[in-house]
Every structure is written in C-alpha cells, then in structure tokens.
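Please open the model in your viewer and keep the selection tool at hand. The stops below say what to select next and what is there.

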Amino acid sequence: MSATVIDGKRFAEGLRGRIADHVSRLKSDHGITPGLAVVIVGHDPASQVYVTNKAKQTAEVGMASFKHELSAEVPEGDLLELIARLNGDDTVHGILVQMPVPDHIDANKVINAIAPSKDVDCFTPANVGKLVIGLPGPVSCTPLGCLMLLRDQLGSLSGLNAVIVGRSNLVGKPMAQLLLRDNCTVTMAHSRTRDLSEVVHAADIVIAAVGRPQMIKGDWIRPGATVIDVGINRIPAPERGEGKTRLVGDVEFASASQAAGAITPVPGGVGPMTIACLLANTITTASLINGLVPPRDLTA
Ligand SMILES: NC(=O)C1=CN([C@@H]2O[C@H](COP(=O)(O)OP(=O)(O)OC[C@H]3O[C@@H](n4cnc5c(N)ncnc54)[C@H](OP(=O)(O)O)[C@@H]3O)[C@@H](O)[C@H]2O)C=CC1
Ligand SMILES: Nc1nc(=O)c2c([nH]1)NC[C@@H]1CN(c3ccc(C(=O)N[C@@H](CCC(=O)O)C(=O)O)cc3)C=[N+]21
C-alpha cells in the first residue's frame with residue numbers, strides 16, 4: 001500500500017488566505033492592524049531562514065512585522081528590557097522569541113517576561129493553563145497545525161489511539177492536550193519508553209517529535225495509520241554534491257509511506273503549518289487585546 005501524502009504546504013497556503021481576509025476585515029471594520037514581533041538571538045543559519053520566512057509571510061497576510069536581531073553575546077537584561085518594551089507597544093500584538101536562546105540566558109526568565117496577552121507561542125504558564133482547561137487563547141503553533149491536518153484527513157478523531165513520541169513543552173505536551181480534547185486515547189512516549197516500536201504499532205495516529213533523523217521505521221507503523229512527522233533534521237547529502245545537506249523528518253519516509261494510510265512529508269508537511277498557525281494566533285491575541293471575540297472558524 002502507498003500512503004496519501006498530506007500536502008501541508010498547500011493546506012498552509014489556504015489557511016494564510018483565510019487569515020489575510022480576516023486581517024483586512026480587522027483593518028476595515030475596527031482599524032486594527034495585527035502586529036507580530038520576532039526576536040532572534042545569535043546567528044544560527046537555520047533559525048535565520050525560519051525567521052526570514054516568518055517575516056515574509058507576516059507581511060504577505062497584511063500584518064505588521066517587526067524583527068529584532070540581537071547578538072549571541074547580548075546580556076540577558078537587555079533581552080528582558082526589549083521584551084518589556086514590546087509588551088508596552090500598542091502596535092505589537094504578538095511576541096515570539098526564537099528558541100533556543102544561548103546558554104547564558106535563562107529561557108524560563110525570557111518566557112515569563114512575555115505578556116501572556118501577546119504570547120503567540122503559547123509558552124507562558126498562564127496560556128498553557130488555559131489550553132489545558134479549554135479557555136480561549138493562543139494554542140501552541142506546531143500542535144495546532146498537526147491537529148488541523150489530522151482533522152482534515154480523518155474527520156472525527158474520537159476514540160482513535162494516538163501515540164506521541166517526544167514530550168517537549170514546545171510540541172509533545174501541548175499536542176497531547178489537543179488530541180485529548182478531540183477524544184483520542186493518548187499515549188506519550190519518550191527516551192525511557194520500553195519497546196517503542198510496539199507502542200507505535202498500536203497507534204492509529206503517530207506524532208513523531210523526537211529530533212532524531214528517520215528513527216521511526218516503516219515496520220513500526222500499523223497498516224493504514226496516519227503519520228505526522230514533526231521532525232526537522234538536516235543531514236549530509238553527498239549525492240547532491242560535496243558538502244550538501246537535505247532535510248529529513250523523524251520518520252523513515254520511504255518505508256513508512258508503504259504502511260501508513262496517510263503521512264506528512266518533510267519538508268512541506270508540518271513546518272509551513274507552524275508558521276500559518278503563528279499568524280492565526282496573532283489574530284487571536286490582537287482580537288482579545290481589543291476586546292473582540294477571536295474568530296473560531298480560522299483554525300477549526
Ligand atoms: N515542523 C515544525 O514546525 C517544528 C519542528 N520541530 C522539530 O521537531 C523535533 C522535536 O522537537 P522538540 O520537541 O523541540 O525536541 P526536544 O529535543 O525538546 O524533545 C525531544 C523529545 O524526544 C524524546 N526522545 C529523544 N530520543 C528519543 C528516543 N531515542 N526514543 C524516544 N524518544 C526520544 C525526548 O525524550 P526525553 O524527554 O525522555 O529526553 C524528548 O521528549 C525536532 O526535530 C525539531 O527540529 C520543532 C518545532 C517545530
Ligand atoms: N519560539 C519558537 N517558536 C517556534 O515555533 C520555534 C522556535 N522557537 N524555534 C525553532 C522551532 C522550529 N520551527 C520551525 C517552523 C517552521 C519550519 C518550516 O517552515 N519548515 C519548512 C522547511 C524550511 C527549510 O527549508 O529549512 C518545511 O518543513 O517545509 C521549520 C521549523 C519552529 N520553532
């Protein structure tokens with residue numbers, strides 16, 4: 001069997017189109033231009049690409065985009081001061097500090113400095129709490145993107161066995177909350193999980209968020225399962241020429257796509273959805289800051 005390849009890139013384009021429509025309504029009906037500030041510390045080339053894509057897509061949907069690049073040696077206090085300034089800036093409705101930050105900076109301090117009302121990553125304890133108990137607010141971007149692709153593919157997720165490999169605050173944990181909300185039976189696997197291949201084999205839905213290139217093999221996948229590959233790993237690709245690299249996920253795509261019913265590719269799967277959901281969250285925060293009800297249909 002050969003799986004349906006889920007086109008996250010195209011799905012994200014559609015979502016950005018709906019976001020652009022909503023932005024123009026916010027402008028014309030309420031005089032609000034949603035604004036997103038992205039802060040990057042250091043010069044990691046992969047992060048730079050990601051931040052540049054984000055800025056470009058933010059502008060394309062009609063939002064205001066603010067980019068702040070700080071040197072890798074910036075003192076923690078300067079970063080916290082910048083965040084405080086953005087918290088107080090009425091043209092900014094969303095603040096994203098690209099992770100990871102350099103070792104001399106305490107990531108928890110940075111997260112806690114962001115006003116929850118502008119926390120479009122859904123990193124602050126206040127917003128994580130809202131997510132868990134189901135109150136309106138931003139929803140973690142990557143998990144939200146995965147959920148949208150799953151709903152589009154499967155319709156109802158009710159009663160399905162979902163296995164999430166990886167338990168980070170960024171992906172695994174919020175993913176579990178969203179799938180639980182959609183009535184999946186959720187299992188979280190991690191580096192101490194025994195018999196991982198068997199745990200994965202029980203899943204109707206597999207979410208791979210490990211950060212290990214092609215670790216999850218095709219024969220672990222239950223025939224017909226839906227596989228969402230969050231991993232973004234750059235590996236050497238000598239076949240493309242000396243020193244060249246390519247992106248692969250955490251799933252061995254060639255073998256897994258023989259077993260799965262549907263599977264996301266890397267690139268072109270979850271990644272573009274993450275950025276589109278970030279823009280959707282900026283509409284949510286811009287609405288709430290201005291006392292408006294955030295649109296529910298955008299990411300439904
Ligand atoms: N597409 C997108 O938009 C995004 C992609 N990513 C990518 O997703 C991947 C995961 O990111 P992130 O969640 O931040 O990663 P983290 O490194 O924070 O977490 C990795 C998780 O995988 C678990 N793990 C590590 N090794 C194994 C193993 N051998 N078997 C089982 N579990 C294991 C770890 O377990 P333990 O807790 O026990 O250590 C941990 O929970 C990365 O490739 C990242 O680049 C991330 C964000 C967005
Ligand atoms: N505060 C914060 N929030 C994040 O959401 C966050 C972060 N920090 N740090 C890093 C990770 C990683 N991440 C990605 C998002 C999109 C792509 C993406 O668009 N990928 C394209 C390919 C891009 C390429 O070619 O390099 C794709 O998969 O098709 C990748 C990675 C968000 N993260």
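Predicted model: local features only at pLDDT ≥ 70, side-chain atom pairs only at ≥ 80, totals over all residues.

**Stop 1: the domains**

Select residues 31-116 and colour them as domain 1, then select 141-272 and colour them as domain 2; such bounds come from an automatic or database domain assignment. The C-alpha centres of domain 1 and domain 2 lie 28 Å apart.

**Stop 2: ligand 2**

Now select ligand 2, which is surrounded by 18 residues, where a residue is near a molecule or strand if its C-beta atom, placed from the backbone, lies within 6 Å of it. The closest of these residues are Met-99, Pro-267, Gly-268, Gly-271 and Thr-274. Two or more residues of this shell come from each of helix H2 (45-60), strand E4 (94-97) and helix H10 (270-289); helices (H or I, at least four residues) and strands (E, at least two) are DSSP runs, numbered from the N terminus. H10 supplies the largest share of the shell around ligand 2, namely four residues.

By class, the shell around ligand 2 holds twelve nonpolar residues, five polar and one charged, where Ala, Val, Leu, Ile, Met, Phe, Trp, Tyr, Cys and Pro count as nonpolar, Asp, Glu, Lys and Arg as charged, and the others, Gly among them, as polar. Because domain 1 and domain 2 both give residues to the shell around ligand 2, this ligand lies between them.

**Stop 3: ligand 1**

Select ligand 1 next, and look for Gly-166, Ser-168, Ser-191, Gly-211 and Thr-274, which come nearest among the 25 residues around it. H10 gives the most to the shell around ligand 1, with three residues, and the shell as a whole has ten nonpolar, twelve polar and three charged residues.

**Stop 4**

Two packed helices are described by the angle between their axes and the distance between the axes. Axes are lines fitted to C-alpha atoms, for helices over the stretch in contact, and angles run from 0 to 180 degrees between N-to-C directions.

Select helix H1 (residues 8-30) together with H10: these helices pack at an angle of about 15°, with their axes 8 Å apart. H1 and H10 are therefore roughly parallel to each other, as angles under 35 degrees count as roughly parallel, over 145 as roughly antiparallel, 65 to 115 as roughly perpendicular and the rest as oblique. The contact of H1 with H10 divides into 13 nonpolar, two polar and two charged residues.

Then show helix H6 (residues 141-154), whose axis comes within 8 Å of that of H10 and crosses it at roughly 110°. That makes H6 roughly perpendicular to H10, and the contact of H6 with H10 has ten nonpolar, four polar and no charged residues.

**Stop 5: H6 and H7**

Which class makes up the contact of H6 with H7? Select H6 and helix H7 (residues 172-181), which pack at an angle of about 40° with their axes 8 Å apart, and are therefore oblique to each other. The residues of this contact of H6 with H7 are seven nonpolar, no polar and no charged.

Definitions and conventions
Residues numbered from 1 in each chain as written. Chains lettered and ligands numbered in written order.
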